[in-house]
Amino acid sequence: MLKQFFFILCVLSSFSGFAQSTTEEIKQILYTQSEDWNRGDIQAFMKGYWKNEGLLFIGKSGVQRGWQQTYTRYLNTYSSKALMGTLTFSELEIDELAEDAAWVLGKWHLKRPEEGDIGGYFTLLFKKIDGEWKIVADHTS
């Protein structure tokens, strides 16, 4: 009986550690993305996204499919440092759906002294692909 208790305790402990590690990994990706954005480096910012035609981006302009199309959209929409502003993420909620999938809810804000601040909310679907967490779907409003 005592052996079973310790076995269950070990399993629960490892699962808890796994979930924490996933949350921290995803937070680190978002933190790195904000740093890249704030340096004006959209190409580095895009490293958080799945570099595949299956990437899905949904925004106020509609549905965008594919990594290249999403990258081009960011370049066209934020064509200057003044338009890019300073990006912050807040109110993050990360829910691990499976060992290789997680859902993220959050708030984004661009501080843009010259252009006026903007912001909104986002939901992201992350998948672990080849050992790395990548955004495979992004719904930003």
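**Exercise 1. The aromatic cluster**

Task: Find which residues form one aromatic cluster, and work out how their rings pair.

Solution, step by step:

1. Start with the members: Trp37, Phe45, Tyr49, Phe57, Tyr74 and Tyr78 form one aromatic cluster. The model you are looking at is predicted, so local features need pLDDT of at least 70 and side-chain atom pairs count only at pLDDT 80 or more, while totals for chains, interfaces and linings use all residues. Residues are numbered from 1 along each chain as its sequence is written, and side-chain values use heavy atoms, with hydrogens and water left out.

2. Next, apply the pairing rule. Rings of Phe, Tyr and Trp (its six-membered ring) pair if their centres lie within 6.5 Å; planes under 30 degrees apart are stacked, over 60 edge-to-face, and the rest tilted. Searching the whole structure in this way gives 10 aromatic pairs.

3. Take Trp37 and Phe45: the ring centres are 5.0 Å apart and the planes stand at 65 degrees, so this pair is edge-to-face. Both residues are buried, where buried means under 20% relative accessible area, exposed over 50% and partly exposed in between (1.4 Å probe, protein chains only).

4. Now compare Tyr49 and Tyr74. Their pair is tilted, with 6.3 Å from centre to centre and 50 degrees between the planes. Tyr49 sits in the loop between α2 (42-45) and β1 (56-59) and Tyr74 in helix α3 (residues 67-77), so their pair ties together parts that are 25 residues apart in sequence. Helices (H or I, at least four residues) and strands (E, at least two) are DSSP runs, numbered from the N terminus. Tyr49 and Tyr74 are buried too.

**Exercise 2. Charges over rings**

Task: Which rings have Lys51 and the charged end of Arg73 over them?

Solution, step by step:

1. The test is that NZ of Lys or CZ of Arg lies within 6 Å of the ring centre and within 35 degrees of the ring normal.

2. Lys51 lies over the face of Trp67, 4.5 Å from the ring centre.

3. Arg73 has its charged end over the ring of Tyr74, at 5.2 Å from the centre.

**Exercise 3. The largest pocket**

Task: Describe the lining of the largest pocket by residue, element and class.

Solution, step by step:

1. Begin with the term. On a 1 Å grid over the protein atoms alone, a pocket is an open set of points where a 1.4 Å probe fits, with protein on both sides within 12 Å along at least five of seven lines; lining residues have an atom within 4 Å of a point.

2. The lining of the largest pocket has 26 residues, and those nearest its centre are Arg73, Tyr74, Tyr78, Trp108 and Thr140.

3. Two or more lining residues come from each of α1 (2-38), β1, α3, β3 (86-98), β4 (101-111), β5 (118-129) and β6 (132-140). β5 gives the most, with four residues.

4. By class, 15 lining residues are nonpolar, seven polar and four charged. Here Ala, Val, Leu, Ile, Met, Phe, Trp, Tyr, Cys and Pro count as nonpolar, Asp, Glu, Lys and Arg as charged, and the others, Gly among them, as polar.

**Exercise 4. Strand pairing**

Solution, step by step:

1. Two strands pair if DSSP finds at least two bridges between them.

2. β1 and strand β2 (residues 62-65) run antiparallel and are joined by four bridges. They form a hairpin with two residues between them, and Gly59 has Gly62 of β2 as its bridge partner.

3. β1 and β6 pair in the parallel sense over three bridges, with His139 of β6 as the partner of Ile58.

4. β6 also pairs with β5, in the antiparallel sense and over eight bridges; Phe126 and Ile135 are one of the partner sets. Seven of the nine residues of β6 are buried.

**Exercise 5. Positive phi**

Task: Where in the chain do Glu91 and Asp130 lie?

Solution, step by step:

1. Keep the background in mind: most residues other than glycine have a negative phi.

2. Glu91 lies in strand β3, and its phi is near 50 degrees, a positive value.

3. Asp130 lies in the loop between β5 and β6, also with a positive phi near 50 degrees. Asp130 is exposed, at 78% relative accessible area.
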